Every structure is written in C-alpha cells, then in structure tokens.
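Hi everyone, thanks for making time today. Please take a look at the structure on the screen, and I'll walk you through it.

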Amino acid sequence: RRQRQMCIRDRVSTQSTWGLIFRRNIMDIDLLHPDPVEEAKLHKLKRLVQSPNSYFLDVKCPGCDKVFVVFSHAQTVIKCHDCDQILCRPTGGKCKLERGVGFRKKQFQFQSLLIN
C-alpha cells in the first residue's frame with residue numbers, strides 16, 4: 001500500500017508541475033521597449049537603465065555674450081566674471097536661470113573618459 005500511495009503522490013506532483021510549466025504568464029508592460037515618458041517619471045535608481053537627473057549647461061551671459069559651463073543642480077549663485085551679472089540662483093534642486101540668459105544642455109562625451 002505504501003508503494004502505491006507514493007506512486008500516486010508522485011504522479012500528482014508531476015502533473016501539477018507540468019501544469020505550471022505549460023502555463024503562460026503575460027505581463028502588462030513591455031520590459032524591452034519601455035515608454036520614454038514613463039521612464040522619465042521614475043526615480044533615477046528605479047529606471048530600467050539607471051541614469052542621473054543632473055547635467056551640465058552652457059549658459060550665455062546676456063550682457064557680454066560669454067559662455068559658462070554650469071551644473072544643473074548648482075548650490076551657489078553663478079555670476080559672470082566680466083559684468084558681475086547673476087546668471088542663475090540655487091533652489092532646493094535644480095538651479096533657476098535668470099531672465100534673458102541663454103542655455104543649452106551639454107551632451108556627455110565618452111572621449112574624455114577614454115583619454116584619462
């Protein structure tokens with residue numbers, strides 16, 4: 001009897017295992033092609049590929065047309081060296097640019113990492 005009971009138990013466990021193997025789970029989201037808008041909303045460490053929220057800016061002074069490189073989350077007031085005009089002020093996160101100041105986001109360059 002014990003051998004028969006063990007065989008029956010073994011059959012039941014293998015049948016339930018086969019049922020789990022052939023069952024398909026379909027996900028609600030596509031992990032290979034995430035939506036860029038939804039990815040931008042996520043925390044920097046929770047994204048599919050981790051990336052920082054900060055960046056560098058080329059900021060152009062409206063008074064003397066000189067270009068400065070500024071960190072996006074600067075914690076000090078940035079002034080022009082020539083005309084002493086304030087270019088940006090710190091806030092709790094990203095710095096706020098003053099009116100009339102031109103800027104563009106700098107692209108990250110891999111060449112500088114390879115040279116060093």
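**A short tour of the chain**

A word on the background. This is a predicted model, in which local features need pLDDT of at least 70 and side-chain atom pairs count only at pLDDT 80 or more, while totals for chains, interfaces and linings use all residues. Residues are numbered from 1 along each chain as its sequence is written, and side-chain values use heavy atoms, with hydrogens and water left out.

Now the overall layout. The protein chain has three helices and six strands, and from the N terminus on the elements run α-α-β-β-β-β-β-β-α. Helices (H or I, at least four residues) and strands (E, at least two) are DSSP runs, numbered from the N terminus. Of the 116 residues in the protein chain, 13% are buried.

How do the strands pair? Strand β1, residues 56-60, pairs with strand β2, residues 67-71, in the antiparallel sense over five bridges. Pairing here means that DSSP finds at least two bridges between two strands. β1 also pairs in the antiparallel sense with strand β6, residues 102-105, over four bridges.

Two bridges join β4, residues 86-89, to β5, and C88 stands opposite L97 in β5.

Back to our opening residue. How many aromatic pairs does a search of the whole structure find? One. F56 and F71 form that pair, which is tilted, at 5.3 Å centre to centre and 55° between the planes. Rings of Phe, Tyr and Trp (its six-membered ring) pair if their centres lie within 6.5 Å; planes under 30 degrees apart count as stacked, over 60 as edge-to-face and the rest as tilted. The pair links distant parts of the chain, with F56 in strand β1 and F71 in strand β2, 15 residues apart. F56 is at 44% relative accessibility, so F56 counts as partly exposed too.

Next comes Y55, in the loop between α2 (36-41) and β1. Y55 is partly exposed, with a relative accessible area of 22%. The charged end of K105 sits over the ring of Y55, 4.3 Å from its centre; the rule is that NZ of Lys or CZ of Arg is within 6 Å of the ring centre and within 35 degrees of the ring normal.

The side chains of D58 and K106 are joined by a polar contact of 3.3 Å. A polar contact is a pair of N or O atoms within 3.5 Å; within protein, one must be able to donate a hydrogen and the other to accept it, and residues adjacent in sequence count only if both atoms are side-chain atoms.

Notes: Buried means under 20% relative accessible area, exposed over 50%, partly exposed in between (1.4 Å probe, protein chains only).
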